[in-house]
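The sequence and the structure are shown first.

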Amino acid sequence: MDAFYAAVETLENPSLKGKPLAVGSMSMICTASYEARKYGVRAAMPGFIARKLCPDLIFVPTNFEKYTYYSELTRNVFSKYDPDFIATSLDEAYLNITDICSQRGIGCEEVAVELRNTIFQETRLTCSVGVAPNRMLAKVCSDINKPNGQFILPNDYNAVMTFISSLPIRKVGGIGKVTEQILRDVLGINTCADILHKGAVLYALFHQCSTDFFLSVGLGLGGTDTPQQKMRKSISNEKTFSATNDESIIFQKLADIAETLSKDMQKECLLGRTLTLKLKTASFEVRTRATSLQKFVNSKEDILIYASKLLRAELPISARLMGLRMSHFHDDKHSPLDPMQKTLTSFLTIGNVAPIADKSTGFDTSDIQLMYNTKSDISVDDESTFLSDVSSFSYESCDFLETNQLSVPDYVAVSYGNGAESLNECPKTQNKFESAEKISDVSNLFDRKRVAASSSQILEPYWVDDYICSACGIEVPASFTEERREHLDYHLADMLQKEECRSLLQSFPHKESARKKRKSSGNQGKYIPIDSFFVKEDKSL
């Protein structure tokens with residue numbers, strides 16, 4: 001689109017037509033009309049500099065609601081020619097017209113004319129079109145006959161190489177003012193054809209990524225396929241304002257940025273854990289400070305708490321720009337789990353113990369299975385019977401986990417091998433005695449492993465250069481004493497837990513159950529005789 005923001009403002013206010021116009025403010029300009037560009041006014045230029053270049057320049061504040069509305073009108077037109085068009089901004093898009101040309105039997109030049117006319121009819125705005133074999137060349141072609149023009153580069157090798165041979169490197173997207181100065185003044189590269197002649201020098205001086213890009217430009221190569229949508233790595237928001245050292249104003253700006261960032265994250269269902277504060281001082285010094293949060297957050301309150309801590313460490317400061325960035329997103333966008341909080345199941349599960357969950361009651365039978373060695377002690381033949389018995393007991397009448405003690409419900413039915421033995425038919429004293437025997441073994445085992453873990457040498461994490469964590473690379477300033485201590489405690493706890501689990505996997509005792517021995521005996525029947533529950537009198541007395 002031609003000077004899109006300025007064109008929309010002129011369309012809404014015809015009195016601005018033909019006058020030098022800039023959309024923005026004295027701080028920064030978003031777009032300048034073609035009348036203002038004759039004076040050297042351009043986008044991304046401070047407004048006070050533009051006013052010196054053009055004293056009659058008219059400033060119009062931005063209104064993105066209007067720009068978005070007209071952008072949607074243009075995109076509706078684009079979708080008729082390519083449903084998978086690539087929109088790079090509100091006023092620019094890439095369309096693949098190969099299929100539409102084949103279906104309608106027309107050339108690319110006719111499609112370009114028709115596209116421009118349709119957009120003008122729908123929006124009363126003009127645009128410029130470039131047609132080429134790939135996106136890189138099409139972008140260059142669209143700038144040749146601006147405004148309200150078009151340029152066609154045939155899909156032919158000789159035509160492309162001829163076009164590239166005289167093309168200045170500054171015309172290519174991705175080569176800015178600094179790169180142009182290096183290539184031109186140091187290496188003598190002025191056109192894209194010169195890049196191929198100095199390819200060996202570029203390969204020796206630049207990174208492979210940069211070298212590949214330069215050689216692609218020299219050969220006239222560019223993308224033609226639809227780019228794959230990548231997962232967002234971070235989300236940020238920042239504001240520029242007049243330089244101030246008033247702390248109340250600075251904290252108010254921080255609260256506004258935190259609110260905007262929170263809304264953007266909630267809109268995309270994102271939860272982040274790494275928060276970065278960006279500050280630009282009155283002397284244009286840029287500072288960035290990051291911290292790792294205790295949990296994944298996206299609310300304004302949580303963001304503001306940690307951002308305020310980062311800001312207080314930098315006071316006093318005279319700032320003119322402030323921004324917040326959230327990264328390290330949770331894989332599950334809808335999971336509110338605290339990354340530092342360990343669940344009971346993950347803490348107790350050993351080896352390949354697979355928990356059996358009863359969907360009706362929500363009870364996890366892995367807690368019962370963990371009291372024994374499931375492979376050697378208990379084999380569940382009838383899972384449905386087992387689950388029904390488990391789901392039928394009352395939580396109020398069971399003695400569950402207490403301090404330094406593990407207990408098993410007195411009436412959980414478990415089947416062994418081909419026969420079933422119901423524990424609620426046995427005397428509670430016998431059940432508790434056998435449970436206590438098992439619990440004693442487990443308790444002794446945990447005591448031994450706890451001593452072994454405490455005596456083992458664990459390489460503790462430390463702070464590299466007094467602010468970089470040696471374990472994960474998170475940067476935490478030295479002034480954040482509490483956060484640094486909690487961060488190291490988290491790593492130590494995680495290392496101790498892994499060491500504990502590793503020891504348990506290596507030396508968990510596999511003792512044969514007394515019940516299993518009794519069941520395997522040939523004289524033992526399928527059920528316990530009822531006589532065994534009564535004390536027999538000695539008839540000789």
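Which residues does Leu-277 touch, not counting residues up to four places away in sequence?

## Basis of the model

The model is predicted, so that local features need pLDDT of at least 70 and side-chain atom pairs count only at pLDDT 80 or more, while totals for chains, interfaces and linings use all residues. Residues are numbered from 1 along each chain as its sequence is written, and side-chain values use heavy atoms, with hydrogens and water left out.

## Leu-277 and the nonpolar cores

With contact taken as heavy atoms within 4.5 Å, Leu-277 touches Leu-254, Arg-287, Thr-288, Arg-289, Ala-307, Leu-310, Leu-311, Met-322, Gly-323 and Leu-324. A nonpolar core is a set of buried Ala, Val, Leu, Ile, Met, Phe, Trp, Tyr and Cys residues joined through side-chain atoms within 4.5 Å, where buried means under 20% relative accessible area, exposed over 50% and partly exposed in between (1.4 Å probe, protein chains only). In the largest such core, of 31 residues, those that touch the most other members are Met-265, Leu-275, Leu-277, Ile-303, Met-322, Leu-324 and Met-326.

Two or more residues of this core come from each of β8 (234-244), α13 (247-267), β9 (272-281), β10 (286-297), α14 (300-312) and β11 (319-329), and the largest share, 6 residues, belongs to α13. These elements are DSSP runs numbered from the N terminus, helices being H or I with at least four residues and strands E with at least two. A second, separate core has 26 residues, among them Met-1, Val-111, Val-129 and Val-131.

## Strand pairing

Strand β1 (residues 21-24) pairs with β2 in the antiparallel sense over 3 bridges, and Gly-24 has Ile-29 in β2 as its bridge partner.

Elsewhere, β4 (residues 86-89) and β5 (residues 92-94) pair in the antiparallel sense over 3 bridges, forming a hairpin with 2 residues between them, and Ser-89 stands opposite Glu-92 in β5.

## His-487

His-487 lies in helix α19 (residues 481-507) and is buried, with a relative accessible area of 9%. Apart from its neighbours within four places in sequence, His-487 is in contact with Trp-463, Cys-469, Cys-472 and Ile-474.

Terms used. Two strands pair if DSSP finds at least two bridges between them.
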